[in-house]
Amino acid sequence: MEEPLMVSGGTILPVCEGGPSEFGSIVVQGNLCTLPMDAILTVNDLSEPFQSTELTLYLLDERYGVADQAPVGGSSGGKEREQVYSAFGFPLNLEEKGWWKGEDLLLGVTVAYTWPDGTQTQWSTVFWAVPEEELPGQPAAGEEITVRLWPDPAQGEDTTGVSIYVRNDPELETSQMGVWVNGVTSWFDTGALLSGQHAWATPGWADLDGDGTDELAIIRYEGHGTGASLEALHVLEPGEGGGYTLAATFTLGEEEATWVEATLKELGLDQLSCGDICHFPDLFTVDIGICDPVNGPPLGNYVGTLTCTLAYDGQSLTLTDPVYVPTA
């Protein structure tokens, strides 16, 4: 597997090729993951074209045989590359099946892919699901589902070596983004809740501060609406244990909008104002939509674009070299 297939709460589960007959050998190899009983396990569609998938959850006995099983979902693909890829999440504990919540459960999962030529491949994993109180510090899963945003088959072959995930915390009304690099997943806050049907993120490597080492930069969807289309840029630096930490973020917030307004005045464009469009053509450039509120709706009369260069000093992002280009 070149990409994470099964994820739960930021933990990427190891998988092997084969079906239920592989459960015993997986257990014998050891190093099984331990997940909260109330967690959501998500299976991400592969970036290879397929016809369909079938997911099955298994309850294993003390000899690692199948004591019970239940289908937990699947997805339909297609023969064409432009099919829609997604992620499917399901709860680990099926209480309606009588799988006791108060004791440790040894569970297995298989995902079977049927390919366009009719052949089938299965991948399997085994893990422990334990009651919540046995994992101090583990947040309750709630409605949280982890969804992979990258690699994205619609963008072509991935050359970054990065996988990106997003998960929402409905209680705190915030979202987190996870980056997977060289087998290590790092999570950081991204702000307001993201809608899964619109969420996307694109990673890139570049030496933004000129120190001779590439930073990991991520351009992601932040929101849209009438007269609004917003992207954000995150810059991550290497951290401890092979992980990455968030060093700087640029979003078109109140502080940034004030800077844009001041820049427009310096350019002699006092009648214009900052809109709600923020787009990154590349990791070094940002385009900001400019409105004419005097001669139209405050956020509906876009008349041009302010293009700026992004400057990163290792700690923060600023805008330089502003150029205003009116809409043709």
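**Aromatic rings and a threonine**

Author: Happy to! Please keep in mind that the model is predicted.

Reader: How many aromatic pairs does a search of the whole structure find?

Author: Rings of Phe, Tyr and Trp pair if their centres lie within 6.5 Å. With that cut-off, a search of the whole structure gives this number of aromatic pairs: seven.

Reader: Are the planes of Phe-23 and Tyr-58 stacked or edge-to-face?

Author: The ring centres of Phe-23 and Tyr-58 are 5.2 Å apart. Planes over 60 degrees apart count as edge-to-face. The angle here is 65°, so the pair is edge-to-face.

Reader: How many residues apart in sequence are the parts that this pair ties together?

Author: Phe-23 belongs to helix H1 (residues 23-29), while Tyr-58 sits in strand S6 (residues 52-60). The pair therefore joins parts whose separation in sequence is 35 residues.

Reader: Is Tyr-58 buried or exposed?

Author: Buried means under 20% relative accessible area. Tyr-58 has a relative accessible area of 6%, so Tyr-58 is buried.

Reader: What is the angle between the planes of Trp-115 and Trp-123?

Author: These two form an aromatic pair, 6.5 Å centre to centre. The pair is edge-to-face, and the angle between the planes is 90°.

Reader: Let us turn to Thr-160. Is Thr-160 buried or exposed?

Author: Thr-160 is in the loop between strand S11 (147-150) and strand S12 (162-169). The cut-off for buried is under 20%. Thr-160 has 17% relative accessibility, so this residue counts as buried.

Reader: Which side chain does the side chain of Thr-160 make a polar contact with?

Author: Leaving aside neighbours within four places in sequence, Thr-160 is in contact with Trp-150, Pro-203 and Trp-205. Its side chain also reaches the backbone nitrogen of Val-162 at 3.2 Å. The side-chain partner, at 3.3 Å, is Trp-150.

Reader: What is the mean pLDDT of the protein?

Author: 83% of the residues reach 70 or more. Over residues 134-143, though, pLDDT stays under 50. For the protein, the mean pLDDT is 82.

How values were computed
Residues are numbered from 1 along each chain as its sequence is written. This is a predicted model: local features need pLDDT of at least 70, side-chain atom pairs count only at pLDDT 80 or more; totals for chains, interfaces and linings use all residues. Side-chain values use heavy atoms; hydrogens and water are left out. Helices (H or I, at least four residues) and strands (E, at least two) are DSSP runs, numbered from the N terminus. Buried means under 20% relative accessible area, exposed over 50%, partly exposed in between (1.4 Å probe, protein chains only). A polar contact is a pair of N or O atoms within 3.5 Å; within protein, one must be able to donate a hydrogen and the other to accept it, and residues adjacent in sequence count only if both atoms are side-chain atoms. Contact means heavy atoms within 4.5 Å. pLDDT is the predictor's confidence in each residue, from 0 to 100. Rings of Phe, Tyr and Trp (its six-membered ring) pair if their centres lie within 6.5 Å; planes under 30 degrees apart count as stacked, over 60 as edge-to-face and the rest as tilted.
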